[in-house]
Amino acid sequence: MSSNINPYILRYIEMVEDGTIRACEEQHLLVEYVRKCFETEDIYTDDEQLNNYLGLSKYFPYERIFEWQEFFLGLHLCTFRKSDGMPRWPDALALIARGAGKDGTIAVESMAVTSPYCGIQNYDVDICANNEEQAMRPFQDIWEVFERPDNTKKMKRFWRWNRVAAVSLKTNAQIKGRTNSPRGKDGLRSGVVIFNEIHQYENYDNINVFTTGLGKKPHPRRTYYTTNGDVRDGPLDDLIATSEGILRGGEPDNGLLPFICKLNNKDEVHDPQNWQMANPSLPYLPSLMEETRKEYEEWKRAPHRLPAFMTKRMNLPQSKSEIVVTKWENIEATKRELPEMSGWSCVVGIDYAKVTDFASVNFHFRNGDERFDLNHSWLCAQSGDLQRMKCPWKQWNEDDLITVVDDVEIHPDLLCQHIAEMGEKYNILGIALDNFRYALFSASLLKIGFDAKDYKNVHLVRPTDIIKATTVIDSCFANHFFNWGDNPVLRWATNNTKLIPSSSKVKALAGNDTGNYTYAKIEAHARKTDPFMAMVASMTIEDLLRSGSVMGTPEFEVFTF
């Protein structure tokens, strides 16, 4: 395997690692991931091609090409698998703040891949956007390069152009801007499709039209350049969710390079040195820095009048309806070696949305402030969401972290049998599951000695119980009290979960605290939350553990079947 990283790529990696440039969590995770790929995969960067591509920037009126652009273009355009010569990252997301140089980067990319330095014949580039100005702005940069008096004579040896398109004389590859109207797009034979400001797309209708022509030329590529925006649950949110799954959840990247620049949280906005987290070009652009300062002062005085400042300049849309469960560093901190807990008392949580999909059981222990969780899940092999799940579930099955059930459903007996087996090693003091899920599980639970009515060792969880548990869970994350062992499934599920304000009715039942929150899925189908919610269920009855006593005697008998 090759660990030899191209100097341009390595320079940006080291700038992030040593703090030469302040970078967000996603950038730190990305450079760590790229290092790992070069160490463990048989890939290489075509150094000569990258030098030639970057050399084209000298024809543009830019003062310089920035390190992040060298890193991004080097990986996206010039890094290949040795086995078959295919691009390692043919798809790329560049989520960067306003003013970072998206249009200029698109122009350089477009010119590079249609040049003789690429050499692929008829490798058309379609620059796509919601409106004509966004689609044509990068092409306008290229047209101005061709029309500059000191460039025109040389460029005519390699290109012919007009106001709407440019064609390479060597490769017959065309660059053209295209707007959203799908009319006449079915015949596209693109080599590269570049989306400018994808945050404006509400659905995939036009994206699908633009991309269905890919694959007719070698090395098909998709590139997404954008700031954040106000459209939620659209293609951009899906791309961000996929990127987070790659960087944080260990999901396969499927050829996507997730380059995300943003503030980690809204409080960081008050230090101007942090602004480069969202815009890595900012340290080199004093005029843009001054304009950003002015906007910051205006936003600080009246945030409601300038909401685009946080959304566009900092890539951090402000939403009252959605908050992450906790920082990723707190989720990572759960990865610690578990102690020997045989004979300890525990409580159990069960969660599932549909037994035809995914289900989880969590065994929760406590010793003082420290919490310990053993979590296992079942995945139905016939689940309709299986193809959408962007996680290494096959590997998790091999590692015995989940059990794949080759049946039409996950029968409750499977979960209850697991609980009974664990009950031979641990003292199970009680089981908690959602009030509306109990009917399906009641018979299976009764077989192993658990019942809500007669034995009273099953607690039916209501929304108010979860509200009360959220504050304890938040404290455990903040203080790093959670210890989950090496369980990527539980970490993945936690990262798939968001906090949302509780309904007014539930708030009233819980005491009308306006700070009350509950949990919800970030994405309905591809990102499961059941393992985390099983942990939450178990914590609703944590008081049975007697404020941290690890030993205890169950008040009931556990039956096996």
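Predicted model: local features only at pLDDT ≥ 70, side-chain atom pairs only at ≥ 80, totals over all residues.
Visitor: How do you know that the buried residues of H15 line one face of the helix?

Guide: In H15, residues 438-447, the buried residues are Tyr438, Phe441, Ser444 and Leu445. Seen down the helix axis, they fall within an arc of 130°, so they line one face of H15.

Visitor: What covers the buried residues of H15?

Guide: The cover includes strand E12 (345-354), helix H14 (412-423), strand E16 (427-434) and strand E17 (458-461). Just after H15, glycine 449 has a positive phi of about 95°.

Visitor: Why is cysteine 24 called buried?

Guide: Its relative accessibility is 0%, and the cut-off for buried is under 20%, so cysteine 24 counts as buried. Cysteine 261 is buried too, because its relative accessible area is 1%.

Visitor: Which residues have the most contacts inside the largest nonpolar core?

Guide: They are Phe71, Phe72, Phe146, Phe195 and Phe259, in a core of 86 residues. A second, separate core has 36 residues, among them Trp396, Phe481, Phe482 and Ile541.

Visitor: What is phenylalanine 72 in contact with, leaving aside its neighbours within four places in sequence?

Guide: Its partners are Ala92, Leu93, Ala94, Thr223, Tyr225, Leu257 and Phe259. Each is counted on the ground of heavy atoms within 4.5 Å. Phe259 is also one of the residues with the most contacts inside the largest core.

Visitor: How many of the protein's residues reach a pLDDT of 70 or more, and where does it stay under 50?

Guide: The share reaching 70 or more is 91%, and the mean for the protein is 89. Over residues 504-514 the pLDDT is below 50, and this stretch has 13 contacts in the model beyond near neighbours in sequence. Residues 552-561 also stay under 50; for them the model has 27 contacts beyond four places in sequence.

Notes. Residues numbered from 1 in each chain as written. Heavy atoms only, no water. Core = buried A, V, L, I, M, F, W, Y, C linked by side-chain atoms within 4.5 Å. Buried < 20%, exposed > 50% of the residue type's maximum accessible area, 1.4 Å probe, protein only. pLDDT = per-residue confidence, 0-100. Helix = DSSP H or I, 4+ residues; strand = E, 2+ residues; numbered from the N terminus. Arc of directions from axis to C-beta.
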